[in-house]
Each structure stands twice: as structure tokens, then as C-alpha cells.
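Please look over the model below before reading on.

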Amino acid sequence: MDVLPCGHVARASRVRLCRHLLGPDGPPDDIEYVRVLTGRGIEYDLCCRTCDRAGTAPELLVVCEGCAFRAEEDETGMVGWRGRPEIRERPEGHRGEPARLRLPPALRRPLDWAALPGTDGAAYLFLTGRRDLVRFDALSGRFQRLATVSVPDDTVERPARRVEISLRLRPHLHVSRSGRYAAVVNDHGSRGAVVDLRTGRTTMTLDGGHYGTHIMPFALAFATHQGRDVMVHRTASNRLDVSDPATGDLLTARDATRQDDPEGRRGEHHLTYWHGALRISPDGRWIADNGRLGYPGVGTTVWDLRRWLEENPFESEDGPSRRSLCVRDYAWNRPVCWVSESLVAVFGIGSDDETLLDGVRVFDASTGTETLTFPGPSGDVLFADGRRLYSDGDEGLQIWDPSTGERTASVPGFHPRRHHPRAAELAAIQDGDLVRLPTAGRP
Ligand SMILES: [Zn+2]
Ligand SMILES: [Zn+2]
């Protein structure tokens, strides 16, 4: 082995550095740097802010693995990416073209909408400005009001700090896996209601707690357990419960004093975590939670939903299956989606929302290990159907093989906003039309 330019006789790192990031104990404190993509996968070199601004290509030194590690040990100094990653292509085309259908006037600008499973064909549920829940059948074009929902006023305190301003109260519609129940909750608020779509009756009102919840979407997800609909929902900023949406019966009863007492003293199972967007794995085994660890860290966490329901009501707090997959600052509302029974994709490569590189990281929920990282997927939605991962780029739909990271197709001009797994299609509302496109397969 030769002496490397960093002065060490050691194995060379793939990451090269500008000379200002070198030092016997690592780079100077508070130095800012950028990652310069080399065009091979997501490999990059590092250069300091001064070299980055100099306007000429910086001189990059081959250094040992130790020096490269020390240069990035404090990731808060990372201020951005330069260049482009290598996006690998394996074009295989895509079946079908987007099909357009004019929506009735009352459904063209809904407060929210969702896939409505449980019936043959492609039905969607719309929450209108009048708070009606309307079923729309995309095959026949027929529509029918099923219920009117009333969500109590939200009184959550909303500090007027910079970051919260964009996170205004927003109604969010969720539908149970059978299609029988719907929940309407206030994202970035604390209230909600559950409706039986067969009878139109409100079966539950929801209170998701107030403390610090204005930043987070209202944590709620429907799942299926032992053949029936169940609903995971936030009952305090740091507590989730599972209820029967038909009756409101609590399925995760646990001694609150063993969590936190009413005076805020921390109990045995205290959790410093503000639950966020929830995603249930296709077979209902795992739950992923994109919650806050404090401020500004957002931690994507998984645990075993079945174990939670059948063995340990504290599984969501500190059960043995609970694992943190990754932590990124300020990434409150980045998409997360299951790509197989146990693999979950998390949007963004990096550790701070402002400097995330478009791409996904895929984690195995059963081990917590990162199995694949690939660049390319962008936008604010991710969907998967067991075969492909779908993202919404600037140009339109991008389709990826989540087992290899290759892009297999794109559909310019189609910007999907919803996935209907049962109907095996993606959908969008564009110019008052419902636009639908078949997916590659069913989950
Ligand atoms: Zn430099
Ligand atoms: Zn070295």
C-alpha cells in the first residue's frame, strides 16, 4: 500500500475530498460542504463551500476510508448536492393509456378523495365541500351520496412559527379495506369522525391529542385483522390505539398510568414520539409510522401490528418488534410506501429535508436493515403494487422496479394522486376529469 495524499497508509475511499475537509481530527468544526455526484449510481465526492463557489472544478484528493468517514461525521454541515445521479433504465413500456372521464360538478374539486374498495370495478369516495361522502363508479359514471360527515371544530393551538405556516388544517379521508367505513380527520389538527357508509351513521368521533400535533398529519390507518376492519388512530400525540370502527370498541386497552399519567409524569412505557402518517403493509402484518422524535427529527418507525393486537398492547411504544429505520430532519410529510410484505420504501436520500436527493431507501421491517437505495423517484406520492413502485415526477408518472432501482417506464402528463389496489389502477383529478391508468399488478 502506498501513502495516500491524506498522509495515511490505508485503504483508499471511493469518496474523494477537497483539501479543506482534511485534518488530523477531521474537518474544522462548522465547515459546510456539498456532495458532488460522480455520475456512477449515487457515488459522490465532497468539497467545501468555498471550493464549491469558486466556479472551477475543485482539486479532489484520494483519501483513506477513515479520513472520508471523518469528513462526513457531522452531517449537519452538508448543504446540498451537485451534479446528477445515474438513473438506471430498463425500458419495458407500460400497458394502457390514461383514460379520462368527466366528473359531476360537485366532485371536481373535492376536499379529499380515496379509492373505495369492497365492490367490483373502480369506485372512488369523494368528500365534497358540503361534507357529503359520495361514491363515484368510474365504470358507469354513476354517483351516490352515502353519508354526510360532521367533524368537530378543531381547536388545536397553532404557533405561528415559520415551519408551521404551510401546514394548515386539511381534511383527510380514509376508507377501510372492506369499503364499509370511512374516517375524516383534520391533518395538522386533532379531530375526526368515523362513518358507516352502509348506514350513513357516525360510529366514532376522534380526538388525536393537541400537544405538538399541528405539524403532523393525523395518524390514522385502516387495517384488517382476523377478517374484519380495524382502525389504528392517534388518541394522544404520543399514543396510538386500535379500535373497531363499527362500535368504537378499544382493542389495545392498556394501563395509561404505565404510559404517562395525567400530570404528565413519565410512566414505564413513555414514548417521546409524535405519531405521523401511518402505512400498513399489504398483508396487514406491519405498520410504518412517519413521526417526530422531537424537533426537528422525523423518524420512520415500524412494528408488528399483529403482535400489538394479539400479544403486547405496548408494542407501539417499546415492543421488541418496534424498530427505527431512519431519521431525517424536518421531513414531516415525505411519502412512505410498502413495496412488498416486509419491505418499505422511504422517500429521499440524505438526512435533512432541505438537502434530500430525489430517490428512495428500501428497508426490511423484520430486520431494520436498508436493502436498497436508488436515485430517481421524486414528488410527494409513492405507490406500489407488489411489482412496481410509482412516483409522480415533474413530467408525470415514473415507474420503477423496487428490487433493482431501475426505471422501467414513464407516462408524461399523468400525475397520479391515488392508488386503487383492488382495481389495479392509479388515478388523478385533472381539469375536472377523473384520469385512470392500469398498474402492473395487484399487491
Ligand atoms: Zn475546499
Ligand atoms: Zn487518511
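In which strand is the place of Cys47? Cys47 belongs to strand β2, residues 44–48; strands (E, at least two residues) and helices (H or I, at least four) are DSSP runs numbered from the N terminus. This is a predicted model, in which local features need pLDDT of at least 70 and side-chain atom pairs count only at pLDDT 80 or more, while totals for chains, interfaces and linings use all residues. Residues are numbered from 1 along each chain as its sequence is written, and chains are lettered from A and ligands numbered from 1 in the order in which they are written.

Cys47 counts as buried because it has 25 C-beta neighbours inside 10 Å. The cut-offs behind that word are 20 or more other C-beta atoms within 10 Å of the residue's own for buried, 12 or fewer for exposed, and partly exposed in between, with C-beta atoms placed from the backbone. Neighbours within four places in sequence aside, the contacts of Cys47 are Cys18, Tyr33, Val34, Val36, Asp52, Pro58 and Leu60; a contact means that the C-beta atoms, placed from the backbone, lie within 7 Å. Ala57 is ten residues from Cys47 in sequence, and their C-alpha atoms are 9.9 Å apart.

Now the whole protein. Its secondary structure comes to four helices and 30 strands. The radius of gyration is 24 Å, close to the 22 Å that the globule rule gives for 443 residues, so the protein is as compact as a globular protein of that length. That radius is taken over C-alpha atoms, and the rule is 2.2 Å times the number of residues to the power 0.38. Along the principal axes the C-alpha trace spans about 75 × 55 × 40 Å. Of the 443 residues, 40% are buried.

The domain assignment, automatic or from a database, gives domain 1 (19–82) and domain 2 (149–335). Their C-alpha centres lie 40 Å apart.

What of the interior? The largest nonpolar core has 76 residues, of which Tyr124, Leu133, Val344 and Ala345 touch the most other members. Such a core is a set of buried Ala, Val, Leu, Ile, Met, Phe, Trp, Tyr and Cys residues joined through C-beta atoms within 7 Å. Another core, of 19 residues, lies apart from it and includes Val15, Leu21, Cys64 and Cys67.

Strand β16 (residues 274–280) has five of its seven residues buried, so it is largely enclosed by the rest of the structure. β16 pairs with strand β17 (residues 286–292) in the antiparallel sense over five bridges; pairing requires at least two DSSP bridges between two strands. Ala277 has Asn290 in β17 as its bridge partner. The two strands, β16 and β17, form a hairpin with five residues between them, and Gly284 in the turn has a positive phi of about 80°.

A further sheet is open and has four strands in the order β4-β30-β29-β28, paired antiparallel. β4 (99–102) and β28 (418–420) stand at its edges with a single partner strand each, so one side of each is left without a neighbour in the sheet. Four bridges join β4 to strand β30 (residues 433–438), and Ala99 stands opposite Arg436 in β30.

Lastly, Thr213 lies in the loop between β12 (202–207) and β13 (220–225). Thr213 is buried, with 27 other C-beta atoms within 10 Å.

Technical notes:
Two residues are in contact if their C-beta atoms, placed from the backbone, lie within 7 Å.
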